[in-house]
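Subject: Two-chain model, handover and notes

Hello,

Here is the structure I said I would pass on. My notes on it follow below.

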Amino acid sequence: MKSGGYAVSADGITKRYGSAVAVDNVSLNVNSGAIYGLIGPDGAGKTTILRVIAGILKPDSGEAFVCGHSCEREQIAVKNSIAYMSQKFGLYPDMTVQENIRLYADLYGVEKHGMRERIDELLDFSYMKPFKHRQAGKLSGGMKQKLQLICALVHKPEVLLLDEPTNGVDPVSRRDFWRILYGLVADGMTILMSTAYLDEAERCSVIGLMHKGKIIAEGSPEEVVRKSGIQVISVKDGGDRSLVKKLKGAMGGGRVHAYGDRIRVLTHDMQTDTDELKKLAPEAVIEPDRAMLEDIFMSIGESADADENILSLIAEGAGGKSGTALEVRGLTKRFGDFTAVNNISLTVPYGEIFGFLGPNGAGKSTTIKMLCGLLPATSGEGVVGGVDIVHKPETIKSKIGYMSQKFSLYEDLRVYENIDFYGGIYGLTGAELAQRRDWSLKLAGLEDRKNLMTSELVGGWRQRLALACAILHKPSIVFLDEPTSGADPASRRLFWAIINELAASGVTVFVSTHYMEEAEYCDRLALIFRGDMIAMGKPSELKTSQMQDRIIEVLVKDPFSHMDGLGKLDSVLDVSLFGAGLHVRTKDTAETAIKEYFAEKGIRAEVNAIEATMEDVFVSMIERADGGEK
Amino acid sequence: MIFSPRRLKAMVIKEFIHIFRDWRSLFLAIAIPVMLILLFGYALNTDLKNIPTAVADLSDTPQSRELVSLFDGSAYFNVSSRAEGFDDMQRLMREKKALVGIIIKRDFAEKLLKGEHTEVQVLVDGSDANVGRTALNYVQALSTIYNIKLSAQALRTDGMNVNVLPRAWYNQGMVSTYMIVPGILAIVMAVIAAMLASVTVAREWETGTMEQLISTPVTRLELTFGKFIPLYCIGLADIITAIWLGRLVFGVPMRGNPALLFFVATLFLTGVLFFGLLLSINLKKQVLANQIALITGFLPTMILSGFVFTIANMPMPIQLLTYIFPARYFVSMLKSIYLKGVGLEIIYANFLFLCVYTLIMVVAANKRLKLRLN
């Protein structure tokens, strides 16, 4: 036994696919009862590590151990003590929630005595009981992930392996998911997970930052941030989107990035840089900020410098206009008895970035499909790009660009063949097609890889290529349905830089997202819930006028253990995990009560009233619309 | 633990759920044998009845009339027109008024009475080769009957009392639908294997459920047999449907031992289902596995099993080819059991071949299944 008492340990794991090294001599140890988070850019090797530990992938060299058992030689013992949740939905969509759970209970040989109680307990705990008899394929994204977690937990594993479990899941469901995870850890379970959400990574006891198949930093989130020596200056502008570009130009693209409603500048010399920033942006609020994993992540990103070249391409390749891009009234879509979209009215000018937010299954995609002319509306009328959507939906298609939620390029075609195909569809030929092809390859950053099979592309490149194909014909309105879902922070940021640039050259961009900081980059937002548009406005408006509650941030060790206690205080509406800490939502100021709560217990905690974040607004509005306050 | 009954049961239940929830596949699995029986039963019917026949009876004697009445009296020929001579006969056949022409020479009765050898000219329209060949066979059969009749009469005059009645064995009417049912059983099983078995593992790889499944303690045997058992049940239900339909609609009797039939069918079904699973396991792509199953499973069963085309009539290389397809052994055994009612002692060679094939498939499918990614 070489595991040295760790719940999970990996010893010199190497895995190659052909000539590409996915994981390069990685060793890691996870203490029993810890949450270990693997983070890193797409293709860094996170999934490969998890698969090796789950015993379903044989490494080329090295060995992994779970609870002292070799993942290679003692597969049965390993499989009985772990639960693995793959990145793709791995359950059977034609089977009901209960049938799926029963299947996994039987496969793991869960003792029959008390099994029913165990399943009921899990269903209760995850609020899934009402959906017991629903087929898994008909669940929303968040519920699917919870079901997969229940199936993984049914045999009380000692180690839980999760591969990006919250991809494409809305903030409300994500909070719920984490509440369950914390409960498991409190019961002594060990969790090893990968995640693309860095606020989730902040909650882990240990994180491993992977890059090109190696772990380049490891430790608690605070340690990793501290060791990096990176300091951050936060710049809050008045909504001037061009400021990012200006700062990038002046200070170097790699260290300046937008995050939510702020611009963050990475620095090793706080004073000099602050002075320079004050000169560059005299209007803005400039202050030092706590460095986050997000900043560390950006500091290793290499694609960031490519920004400028790519962005300059947009202006020459966009088909921007001015005036009203889109105007719809009373747009409604029913599927049988079910109203997917109810009476939505919008007026959007050219050059605006318009965001759709909402839980999984709220009707965002349906709305986008109706606006694109892909799906006929049940009722309602409107004009998109000067074309009537009821009578001439076919004509709309040539005026718009659409990027669907699923990757829609042909995986068995080469990169340039996909571009040529879409060019052909939009009627481009000869010199024009050649010129647009070059443009697309540059935009996608694939000039040197145009002969690559599309199936070989990973993460950010796929999304950029899909976008390039969607805007080949210079549309003046672009619809992007969750374009950044599952992409790593660096690719997402580059993607948003492209969106900004498109909008700046007069193209209207409709975009849906589950990343709340991305919502901040939109000019206006619509919050959709159960087919209704429950709020619309600028991000700043939503955060102030629409937000009736106050948010108090609590930074404390082991935040999960205080959620119940804080929730019982008077005037506290809701307590939720936020990054590494808690956000407490209150009607009036409960700051004193919260401080007293921690003082009584003799626990050190930072308690501050803060401006609500987009996520707080989102959750608060959804709950209000749901009528489910506390 | 290599095998747990509980996990196997869980897999079986899961597979049954997939089959019952996917009602289109289920419907096809049940409708295909019914359709095949009806289609083949009616369309592949190579029996000819009431063939329009023209007669030029130049002899016009009691003997010649007896010969003609033998044709007219059979269910196969219908003497619909009379020709005056050879030219007239040619006209009738060219106009398709007759498919068969019989020319009886002027000296027919004369020679017959003298006990001399005589000939009757029979013309068959060969433009439809199948019809022509069948008609020719009937003509030959009838002339044999007539010859035997004559010989018998000759013997009787010598005081012998021999009553000769020619009979085709096992399939007295030589009804081709009798051959259909055993053949269809083989085809139905090949179709199920191609349609359901060949996609089932590949689908799990394509949708990503396999990655989750192989992270559990499930073993290879549980996985393959968990998929096999529900398909076997459907195959069995199809066999019963086919036998029952064959009996009800075409009156095809089942003469053999039902237990033996069941046993042999189980053996074949197991073989072809595991063949389908093997394809699915190796190819990991539903469409590809399905296509290959159709080409390597269904087509040979149809063409090389001796069901539609007689193996003895095939060129030698093709005949040799039939030996590598299990359908040959199965169809041959089925015909024996079904129509002749023979026992295992007669067909043991075929039986052994089938056993070997099935064993190879079960072992290969389990060996090839890797509970790993890559």
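**Sheet in chain B**

B:Pro52 has B:Asn78, in strand 2 of chain B, as its bridge partner. Please keep in mind throughout that this is a predicted model. The two strands concerned, strand 1 (residues 51–57) and strand 2 of chain B, are paired in the parallel sense, with five bridges. They belong to an open sheet of four strands in chain B, ordered 2-1-3-4, with mixed pairing. Strand 2 (77–82) and strand 4 (120–124) of chain B each have a single partner strand and stand at the edges, so one side of each has no neighbour in the sheet. On average, neighbouring strands here are turned by 25° against each other, ignoring direction. Helix 3 (residues 62–73) of chain B lies across strands 1, 2, 3 (100–104) and 4 of that chain, and runs at about 125° to strand 2 of chain B.

As for the domains of chain B, the assignment gives domain 1 (5–44 + 176–368) and domain 2 (51–157). The centres of domain 1 and domain 2 of chain B, taken over C-alpha atoms, are 47 Å apart.

**Domains of chain A**

Chain A is assigned domain 1 (8–220), domain 2 (231–290), domain 3 (316–539) and domain 4 (548–611). Between the C-alpha centres of domain 1 and domain 3 of chain A the distance is 33 Å. Each of these two domains of chain A gives 16 residues to the contact. On the domain 1 side, helix 5 (141–153) and helix 6 (171–186) of chain A are the elements that give two or more residues. Helix 6 of chain A has the largest share of that side, three residues. By class, the domain 1 side of this contact in chain A has six nonpolar, seven polar and three charged residues.

One residue of helix 6 of chain A is A:Val185. Is A:Val185 buried, exposed or partly exposed? A:Val185 has 18 other C-beta atoms within 10 Å, which makes A:Val185 partly exposed; the cut-off for buried is 20 or more. Apart from neighbours within four places in sequence, A:Val185 is in contact with A:Gly33, A:Ile35 and A:Ile191. A:Ser32 is 153 residues away from A:Val185 in sequence, yet their C-alpha atoms are 9.5 Å apart in space.

**Strands of chain A**

Strand 1 (residues 8–17) and strand 2 (residues 20–30) of chain A pair in the antiparallel sense over seven bridges. Within this pair, A:Ala10 has A:Leu28 of strand 2 of chain A as its bridge partner. The two strands of chain A form a hairpin with two residues between them, and A:Gly18 in the turn has a positive phi of about 65°.

Chain A also has an open sheet of four strands in the order 12-13-11-14, with antiparallel pairing. Its edges are strand 12 (256–259) and strand 14 (285–289) of chain A; each has a single partner strand, so one side of each is left without a neighbour in the sheet. Neighbouring strands of this sheet are turned against each other by 30° on average, direction ignored. Strand 11 (residues 231–236) and strand 14 of chain A are joined in the antiparallel sense over five bridges, and A:Lys236 stands opposite A:Val285 in strand 14 of chain A. Helix 10 (residues 270–280) of chain A lies across strand 11, strand 13 (262–267) and strand 14 of chain A, at about 15° to strand 11 of chain A.

**Contact between the chains**

How many residues does each chain give to the contact? Chain A gives 24 residues and chain B gives 23 residues. On the chain A side, helix 2 (75–81) and helix 3 (97–107) of chain A each supply at least two residues. The largest share of that side, five residues, comes from helix 3 of chain A. The chain A side divides into 13 nonpolar, four polar and seven charged residues.

**Nonpolar cores**

The largest nonpolar core has 274 residues, and A:Ile53, A:Leu161 and B:Ile192 touch the most other members. Helix 7 (residues 177–207) of chain B contributes the largest share of this core, 21 residues. Leaving out neighbours within four places in sequence, the contacts of A:Leu161 are A:Leu50, A:Ile53, A:Ala54, A:Ile82, A:Tyr84, A:Met85 and A:Leu192. A second, separate core has 24 residues, including B:Ala56, B:Leu92, B:Ile103 and B:Ala109.

Regards

How values were computed:
Residues are numbered from 1 along each chain as its sequence is written. Chains are lettered from A and ligands numbered from 1 in the order in which they are written. This is a predicted model: local features need pLDDT of at least 70, side-chain atom pairs count only at pLDDT 80 or more; totals for chains, interfaces and linings use all residues. A nonpolar core is a set of buried Ala, Val, Leu, Ile, Met, Phe, Trp, Tyr and Cys residues joined through C-beta atoms within 7 Å. A residue is buried if 20 or more other C-beta atoms lie within 10 Å of its own, exposed if 12 or fewer, and partly exposed in between; C-beta atoms are placed from the backbone. Two residues are in contact if their C-beta atoms, placed from the backbone, lie within 7 Å. Domain bounds come from an automatic or database domain assignment. Ala, Val, Leu, Ile, Met, Phe, Trp, Tyr, Cys and Pro count as nonpolar, Asp, Glu, Lys and Arg as charged, and the others, Gly among them, as polar. Two strands pair if DSSP finds at least two bridges between them. Axes are lines fitted to C-alpha atoms, for helices over the stretch in contact, and angles run from 0 to 180 degrees between N-to-C directions.
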